[in-house]
Amino acid sequence: MGIETALPTDLMLTTQLQRVINWARRSSVWPMPFATACCGIELMATACSRYDLARFGAEVMRFSPRQSDLLIVAGRIGIKMLPVLQRMYEQMTEPKWVISMGACASTGGVFDTYACVQGCDQFIPVDVYVPGCPPRPEMLIEAVMTIQRMIDEDRIPKGPGGKRSPLGVSVQPNYQPRAQPVGLTVGS
Ligand code: SF4
């Protein structure tokens, strides 16, 4: 990318090992999508070219929990699906993070029924809640960036016994969408 020519070849940098680890960890968050309903469509849009989650190094969706460290729960969770969700969370690598995307994942949404889980945080720890039905891709990106900021600043909360506590923060729905459709910026 040209940086080699801009810098002297014998340049040295000194820093702390933990800072390098945090930088690498926050720059390569690998999500595990648990998309069960309409919020999953917004999750897919977040990875597409218009919103481009790759700008934040978090676009490598792994469909294997053992290769993932960010669980994104997007959509309602049926009681029958709950054991699968819990097993996936347990199989993910440490340190791991959880985003609850949308009203259904966080509270059951409008599905106040015996068959739907009324909030996934009753069964797995949730770090960031994203409100909305569905949330916009920008809000999901904000949730990812929140986790990245916490990793970068080494502010991972520890609970009793040194076990990590969930962050339990919520993205504020203050995004103002532009009037649609917007003009294309690419010419023919
Ligand atoms: S929060 Fe709304 S958009 Fe998301 S899964 Fe529930 S009903 Fe669908």
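Colleague: How many residues are in the largest nonpolar core, and which have the most contacts inside it?
Modeller: Bear in mind that this is a predicted model. The largest nonpolar core has 36 residues, and those with the most contacts inside it are Leu70, Ile72, Val73, Met101, Val130 and Ala143.

Colleague: Which elements give two or more residues to this core?
Modeller: Strands β1 (31-35), β2 (70-74), β3 (97-101) and β4 (128-130) do, along with helices α3 (39-47), α5 and α6 (137-152). The largest share comes from α6, with six residues.

Colleague: Take Val73, then. What is it in contact with, leaving aside neighbours within four places in sequence?
Modeller: Val73 is in contact with Phe34, Val98, Ser100, Met101, Ala105 and Cys120.

Colleague: Switching to helices. At what angle do α3 and α6 pack?
Modeller: About 75 degrees, with the axes 9 Å apart. An angle from 65 to 115 counts as roughly perpendicular, so that's how α3 and α6 sit to each other.

Colleague: And which residues meet there, α3 to α6?
Modeller: From α3 you have Glu42, Leu43, Ala45 and Thr46, meeting Pro137, Leu140 and Ile141 of α6. By class, the contact has five nonpolar residues, one polar and one charged.

Colleague: Now the ligand. Which residues are around it?
Modeller: Ala37, Cys38, Cys39, Gly75, Arg76, Gly102, Ala103, Cys104, Gly109, Cys133 and Pro134. Seven residues of that shell are nonpolar, three polar and one charged.

Colleague: Which helix gives the largest share of the shell?
Modeller: That's α5, residues 102-107, with three residues.

Conventions: Residues numbered from 1 in each chain as written. Predicted model: local features only at pLDDT ≥ 70, side-chain atom pairs only at ≥ 80, totals over all residues. Near = placed C-beta within 6 Å. Helix = DSSP H or I, 4+ residues; strand = E, 2+ residues; numbered from the N terminus. Nonpolar A, V, L, I, M, F, W, Y, C, P; charged D, E, K, R; others polar. Core = buried A, V, L, I, M, F, W, Y, C linked by C-beta atoms within 7 Å. Buried ≥ 20, exposed ≤ 12 C-beta atoms within 10 Å, placed from the backbone. Contact = placed C-beta atoms within 7 Å. Axes fitted to C-alpha atoms, helices over the stretch in contact; angles between N-to-C directions. Parallel < 35°, antiparallel > 145°, perpendicular 65-115°, else oblique.
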